[in-house]
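Here are my notes after going through the model, jotted down point by point. Have it open beside you as you read.

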Amino acid sequence: MRSEIFGPSPVTPTIDLDRHGVQHGFLRLPYSRDESAWGSVMTPIAVFRNGEGPTALLTGGNHGDEYEGPIALFDLARTLDVGSVSGAIIIVPAMNYPAFRAGTRTSPIDKGNMNRSYPGRPDGTVTQKIADYFTRELLPRADVVLDFHSGGKTLDFVPFAAAHILPDKVQEAKGFDAVKAFSAPWSMRMLEIDAVGMYDTTAEEMGKVFVTTELGGGGTARAQTVAIAKRGAINVLRHAGIVSGEIEHRETHWLDMPSGDCFAFAEDDGMIETMVDLGDPVTEGQVIARIHSIGRTGTAPAEIRAKLAGLLAARHFPGLVKPGDCVAVVAVRQEAGN
Ligand SMILES: [Zn+2]
């Protein structure tokens, strides 16, 4: 269908996505450049297929500076026993592979933000071509989609798995059930700040069960957050009935993002002073951060106040901020579980 409208994809998998057994290969995308005239972007992919059952698509590195997903997925692709699989698992540890290699959020080739490039184009930029391949070949094969994110170099989050509020309540409930199975310390009913062009939206519009995460940040990964990612991936696969074994349930606390009032943005240049730490409770109107002028002494800092009561779910990571930077996200604790 996409090929009738847009023409064929330039991406060629080096493995047969539908063959049984374990395959490790690449999504090869021609990319002619100074260093390699007939060169390609080689995005690693692993496929585990055995018997009958649903298909899961697991991805990390949608943004190239977020590491829990790639660590957990490279590890899973190396260690998973295909004998425990009923159905198929497609693993792409680093979706925006050029960005991942560069350690940057967006692609160094075209500055493409993968999660604003969906559904993609086969005749577009490198980032759009990769997105198009996921839209036409990988997402249609999947029943369950798990896409790992973290805060990257500029944000840090309390570790949570999330699904979106959706118009189809049956699909929405399946998403939240999968989030619960993931068993991160926090589970989020997520509101997007900027949903256009997202992988999430494309998958959800296809009717897929979609789970995403924010597992930390700062352009690195911690032992605790990597453990959450590894456990969450296998838990979601078990929940979907694709991998045998018991789900390792952990206590999770549900959070909600009821409106755009969750987000706080800087209006000033300067140095940020965090006044509460991640996970700390905040009251409406509380000063959660201050931005200090760094140009001169003797000036009062700008105050960032919480617009609603809840807890600090995310914060700006580097010490310096610019106007427009998201400096904090306040989420609302839900009393009862899902
Ligand atoms: Zn991300």
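1. Let's begin with the charge pairs. Bear in mind that this is a predicted model. I get 14 salt bridges in the structure. A few of them deserve a look one by one, so the next points take them in turn.

2. Asp-18 and Arg-49 pair through their side chains, with 3.6 Å from N to O. Asp-18 sits in the loop between strand S1 (12–13) and S2, while Arg-49 belongs to strand S3, so this bridge ties together parts that are 31 residues apart in sequence.

3. Arg-136 and Asp-132 are another pair to check, with their closest N and O atoms 2.9 Å apart. Both are in helix H4 (residues 126–138), 4 residues apart, or about one turn of the helix.

4. For contrast, look at Glu-35 and Arg-33, which form a salt bridge with closest N and O atoms 3.7 Å apart. Here Glu-35 is exposed, with a relative accessible area of 67%, and Arg-33 is partly exposed at 26%.

5. You'll find Lys-208 in the loop between helix H6 (199–205) and strand S10 (209–214). Lys-208 is buried yet has no salt bridge. Which side chain of opposite charge is nearest to Lys-208? It is Asp-143, 5.7 Å away, and a salt bridge needs the nitrogen within 4 Å of a carboxyl oxygen. Leaving aside neighbours within four places in sequence, Lys-208 is in contact with Leu-139, Pro-140, Ala-142, Asp-143, Val-145, Gln-171 and Ala-203.

6. Now the metal. The zinc ion has His-63 (ND1), Glu-66 (OE), Glu-66 (OE) and His-149 (ND1) as its protein donors, at 2.1 to 2.4 Å. Along the chain, these donors follow the spacing H-x2-E-x82-H. Glu-66, in the loop between strand S4 (55–59) and helix H2 (68–79), and His-149, in the loop between strand S6 (144–147) and strand S7 (155–157), are 83 residues apart, and the pair links distant parts of the chain. Both Glu-66 and His-149 are buried.

7. Why call the zinc arrangement irregular? The 4 donor atoms subtend angles of 57 to 149° around the ion, which makes it so. As a reference, the ideal angle for four tetrahedral donors is 109.5 degrees.

8. Last, helix H2. Its 12 residues should span 16 Å at 1.5 Å a residue, and the end C-alpha atoms are 16 Å apart, which agrees. The buried residues of H2 are Glu-68, Gly-69, Pro-70, Ala-72, Leu-73, Leu-76 and Ala-77. What covers them includes strand S2 (21–30), strand S3 (40–50), S4, strand S5 (87–92), helix H3 (97–102) and helix H7 (223–239).

Conventions. Residues are numbered from 1 along each chain as its sequence is written. This is a predicted model: local features need pLDDT of at least 70, side-chain atom pairs count only at pLDDT 80 or more; totals for chains, interfaces and linings use all residues. Side-chain values use heavy atoms; hydrogens and water are left out. Donors are N, O and S atoms within 2.8 Å of the metal (3.2 Å for Na, K and Ca); water is not among the atoms, so sites may look incomplete. Four donors count as tetrahedral if all angles lie between 85 and 135 degrees; four count as square planar and six as octahedral if opposite donors are over 155 degrees apart and all others between 65 and 115; anything else is irregular. Helices (H or I, at least four residues) and strands (E, at least two) are DSSP runs, numbered from the N terminus. Buried means under 20% relative accessible area, exposed over 50%, partly exposed in between (1.4 Å probe, protein chains only). The expected span of a helix is 1.5 Å times one less than its number of residues. Contact means heavy atoms within 4.5 Å. Lys and Arg count as positive and Asp and Glu as negative; His and the chain ends are not counted.
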